[in-house]
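Here is a short tour of a structure for you to explore in your viewer.

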Amino acid sequence: MVLRRYWRLLAGCTVAALIIGLLLTPTVDTVDNGKWQCKVAITPVAGSGEAVRADQVLSYAGGSDVTTAAAKKLGVTDVAALAARRTVSAASTQMLSVTVTGPTQHNCADTAAAFAEAIINGYSQESAKSASESIKRLEAQAATQQEQVNKFQQQFSAAKPADQPKLQPQLTAALASLTKTLTAISDLQNVSQTDAIQQWGSIDAKEAGGNLLSSPNRGVRLTLAVVLGLALGVVAALMLSRMDTRLRSRNAVEEAFNLPVIGEIPQLSRRLRRLRDPLVVARPSDPGAEAFRSLRSTLLLTGPPSLAAQLADGNLNPAELVSRRLAQPAPVILVMSGRSGDGRTTTVANLAAALAETGREVLVLDCDFRHPHAHEQFGVSSGPGMAELLSGEQLPELDDLIRRTNVDGVHLITGGNTTAYPAALVLRAGEVLRRARRHADVVLIDSSPLLHANDAYDLVRHADAVLVTAMAGNVTPEQADRVSELLSRTGVPVAGVALLGTLGQSVRRKRDGMHGGAQPGSSQPGGPAQPTGPVPSQPHQPREEPRHRASPTWARRTQHAPPGAESAAGGHEGELR
């Protein structure tokens, strides 16, 4: 249910992830250069002594000269891509570690060997070059020192025996300096003739193991992007569902309004919502039309007795019909909602058509002066109506404003052209409704949203019963509680709530069926067969006493109703079925 409710969010996240995947994924499949990993260690040559410094080798190994030499060795032209595949780090003070990746074991090993060779040869050449320069400098220094030794030796030979001990320390120091220089030259010559560093051990190759995140295949990456986007959408939908407190289920609506849900209308497709006629007439076999008929049946069975008693008789002439309506005025049912978008006008149109199917003459009054749309439901053009009727100093004849609709048995007085302040129009509604009761068997009023305007609240006191409509997912518990509180102050009987836009069967109805309740079309032993139509909902009995309650009050008047009033609805419904 949650995923169905937020399917647009799921689709949006999936499409967004797919677009991002298309933008970030190459147009062709790439090579996975990270599948294999090879390591090679490099250490100084034994005897090189302090001639090799680890920081110098690390700096040289990370330079571009090594990568260029390795690329030349491998025959690779993309030097930058090759450089991205190798990593050089200091494993210890006397060892470097070169890590190389590749698509295959052979390619990885060859690349590691090429880098190791480039580092060893390159650094050895640099060391030999540096040693050669040092040898030249030391040879010049040794020549100077040799001249100084020769000079001291000549002075020592020419000196008298008594003076020779004085010259001996100078000669000894000169000979020591010359010997030290010649030793350094010899060491540098040995270094220049051999490699300064060497490879330690063999190349260590292992398979790194690819995964979906690093897969080079374009199809796999796009599939992964779609899955991730869908998962993100599911998480977002669940989070929004947890934060969304709007009423969607039957139990939640009954608890919030503290009223019974007497009708559940399934969610209608966009094509059905665009019909110019009520669904009961345009698609009589649609589940939504049957749901409106079930609402009508429940309203007749549990509503005020006058509603069930009113039924047109085709044998009566117009004068007798007028006389009967004077004696038994038509009941007025006010259809209202807490806020706009709750399917109020749709319910009025379909309920009127469903009542007309029972033979009743229905008069619909469009009292939504801010957004009158009832005429669109019946295929009637707009024109003078309730606004003109209520704003005039003298009330015109209702017959001049009552208009026939495309539904047999249903007449309409449109909202009209409102010029005055809408709240001021309903002040004369009492007289208008008194006269309207004589023109039909049932009067239905479509009003403004109760929480948006005061019109509906002023009309409540003129009605015999109130039917509240609520669209699933459109009302919060706070709004429902406010509607219930306002209705409880009026004292007008409230038939219940018509819940529109439901998805699937309610939990309560499932539970009632599991407990052995009589199902539609079944019969009990020893009793008559039940009707095949929807089973009407019974009045809701709250589990605990609420702070305020807007519940039906005609139950207290049932004992004063005319004889047979309670059975009239059942008998007429049986004839219709």
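Is Asp464 buried, partly exposed or exposed? Asp464 is partly exposed, with a relative accessible area of 23%. Here buried means under 20% relative accessible area, exposed means over 50%, and partly exposed is in between (1.4 Å probe, protein chains only).

## About the model

This is a predicted model, in which local features need pLDDT of at least 70 and side-chain atom pairs count only at pLDDT 80 or more, while totals for chains, interfaces and linings use all residues. Residues are numbered from 1 along each chain as its sequence is written, and side-chain values use heavy atoms, with hydrogens and water left out.

## Salt bridges

The structure holds twelve salt bridges. The term stands for a side-chain nitrogen of Lys or Arg within 4 Å of a carboxyl oxygen of Asp or Glu. One of them brings together the side chains of Arg437 and Asp464, at 2.7 Å from N to O. Arg437 sits in the loop between α19 (429-436) and β10, and Asp464 in the loop between α20 (455-460) and β11 (465-471), so this pair ties together parts that are 27 residues apart in sequence. Helices (H or I, at least four residues) and strands (E, at least two) are DSSP runs, numbered from the N terminus. While Asp464 is partly exposed, Arg437 is buried, with a relative accessible area of 17%. Elsewhere, salt bridges that share partners join Glu290, Arg293, Arg296 and Glu357 into one network.

In which order do the eight strands of the open sheet lie? The order is β5-β12-β11-β6-β10-β7-β9-β8, and the pairing is mixed. Two strands pair if DSSP finds at least two bridges between them. At the edges stand β5 (261-266) and β8 (403-404), each with a single partner strand, so one side of each is left without a neighbour in the sheet.

Strand β6 (residues 332-337) has six of its six residues buried, so it is largely enclosed by the rest of the structure. In a regular strand the side chains alternate between the two faces of the sheet. In β6 both faces are covered: Val332, Leu334 and Met336 are buried on one side, and Ile333, Val335 and Ser337 on the other. Strands β6 and β10 run parallel and are joined by four bridges, with Leu444 of β10 as the bridge partner of Ile333. Five bridges pair β6 with β11, again in the parallel sense, and Val468 of β11 is the bridge partner of Met336. Moving on, β11 pairs with strand β12 (residues 494-502) in the parallel sense over six bridges, where Thr469 has Ala498 of β12 as its bridge partner.

Ala352 has its place in helix α15 and counts as buried at 0% relative accessibility. Ala352 and Val443 are 91 residues apart in sequence, yet 8.9 Å apart in space, C-alpha to C-alpha.

## Surface patches

Val15, Ile19, Ile20, Leu23 and Leu24 form a nonpolar patch on the surface, with about 540 Å² of accessible area together. Patches are made of residues with over 30% relative accessible area and no salt bridge, joining like charges within 9 Å and nonpolar side chains (Val, Leu, Ile, Met, Phe, Trp, Tyr) within 5 Å. Accessible areas come from the Shrake-Rupley method with a 1.4 Å probe, and for residues only the protein chains shown count as cover.

A positive patch is formed by Arg8, Arg270, Arg273 and Arg274. Lys and Arg count as positive and Asp and Glu as negative, with His and the chain ends not counted; the place of a charge is taken as NZ of Lys, CZ of Arg, CG of Asp or CD of Glu. Arg273 lies in helix α10 (residues 270-273) and is exposed, with a relative accessible area of 53%.
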